[in-house]
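Work through the following exercises with the sequence and the coordinates at hand. Each task is followed by a solution in steps.

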Amino acid sequence: MVNQMPDIPSLATMASALHRTLLVLCLVSLTLQTTAGVGFREWCVADEQTPDEELLRALDWACGKGGADCSKIQKNQPCYYPNTIKDHASFAFNNYYQKFKNKGATCYFNSAAIITDLDPSHNSCKFEAAP
């Protein structure tokens, strides 16, 4: 019976395994950062299915008692067009939400709004996304 030496991995094999392990750790780290909210952005916009009358009530509240800055949806401002209740409500809802979400505000507006991870900004109209 001949004693055989156990196979010793080559340096190249060990380096390759280390490389794969580091790659997996980097991917896991990025995934955890995204799910923890680091680098993840969200916007609050009008729900497409909400009737204009409800959107208008919520828009009036957001721009009034809600404290949203609605100056950019005024005539001759960057978010005035498209001049629709839905678009103006989306801007106002998002402004309110970004401004007050860290103080407990929600994107509810009596079921008139939803959260999206798609940036609703368009042309010169930029929607904020605060961490």
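**Exercise 1. Compare the span of helix H3 with its expected span.**

Step 1. The model is predicted. H3 contains 16 residues.
Step 2. The expected span takes 1.5 Å times one less than the number of residues, which gives 22 Å for H3.
Step 3. From first C-alpha to last, H3 reaches 22 Å, close to the expected value.

**Exercise 2. Determine how many residues of H3 are buried, and which elements they pack against.**

Step 1. Apply the cut-off: a residue is buried under 20% relative accessible area.
Step 2. By this test 12 of the 16 residues of H3 are buried, so the helix is mostly covered.
Step 3. The buried residues include Asp-87, His-88, Asn-94, Asn-95 and Gln-98, as well as Phe-91, Phe-93, Tyr-96 and Tyr-97.
Step 4. Their packing partners are strand E1 (43–46), helix H2 (52–63) and strand E2 (113–116).

**Exercise 3. Classify Ser-90 as buried or exposed, and list what Ser-90 touches.**

Step 1. Ser-90 lies in H3, which runs over residues 85–100.
Step 2. The relative accessible area of Ser-90 is 6%. Because this is under 20%, Ser-90 is buried.
Step 3. Leaving out residues up to four places away in sequence, Ser-90 touches Cys-44, Val-45, Ala-46 and Phe-127.

**Exercise 4. Describe the largest nonpolar core and state which element gives the most to it.**

Step 1. The largest nonpolar core has 24 residues, and Cys-44, Phe-93 and Phe-109 have the most contacts inside it.
Step 2. E1, H2 and H3 are the elements that give two or more residues to this core.
Step 3. H3 gives the most, with six residues.
Step 4. In soluble globular proteins, nonpolar side chains tend to be buried together.
Step 5. Take Phe-109 as an example: with residues up to four places away in sequence not counted, Phe-109 touches Cys-44, Ala-58, Trp-61, Ala-62, Phe-93 and Tyr-96.

**Exercise 5. Summarise the whole protein: its elements, burial, contacts and surface.**

Step 1. The protein has three helices and two strands, in the order α-β-α-α-β along the sequence.
Step 2. Of its 131 residues, 28% are buried.
Step 3. Take the contacts between residues at least 6 apart in sequence: 73% of these join residues at least 24 apart.
Step 4. The accessible surface comes to about 9,300 Å², and carbon and sulfur atoms account for 59% of it.

Terms used: Residues are numbered from 1 along each chain as its sequence is written. This is a predicted model: local features need pLDDT of at least 70, side-chain atom pairs count only at pLDDT 80 or more; totals for chains, interfaces and linings use all residues. Side-chain values use heavy atoms; hydrogens and water are left out. Helices (H or I, at least four residues) and strands (E, at least two) are DSSP runs, numbered from the N terminus. Buried means under 20% relative accessible area, exposed over 50%, partly exposed in between (1.4 Å probe, protein chains only). Contact means heavy atoms within 4.5 Å. A nonpolar core is a set of buried Ala, Val, Leu, Ile, Met, Phe, Trp, Tyr and Cys residues joined through side-chain atoms within 4.5 Å. Accessible areas come from the Shrake-Rupley method with a 1.4 Å probe; for residues, only the protein chains shown count as cover.
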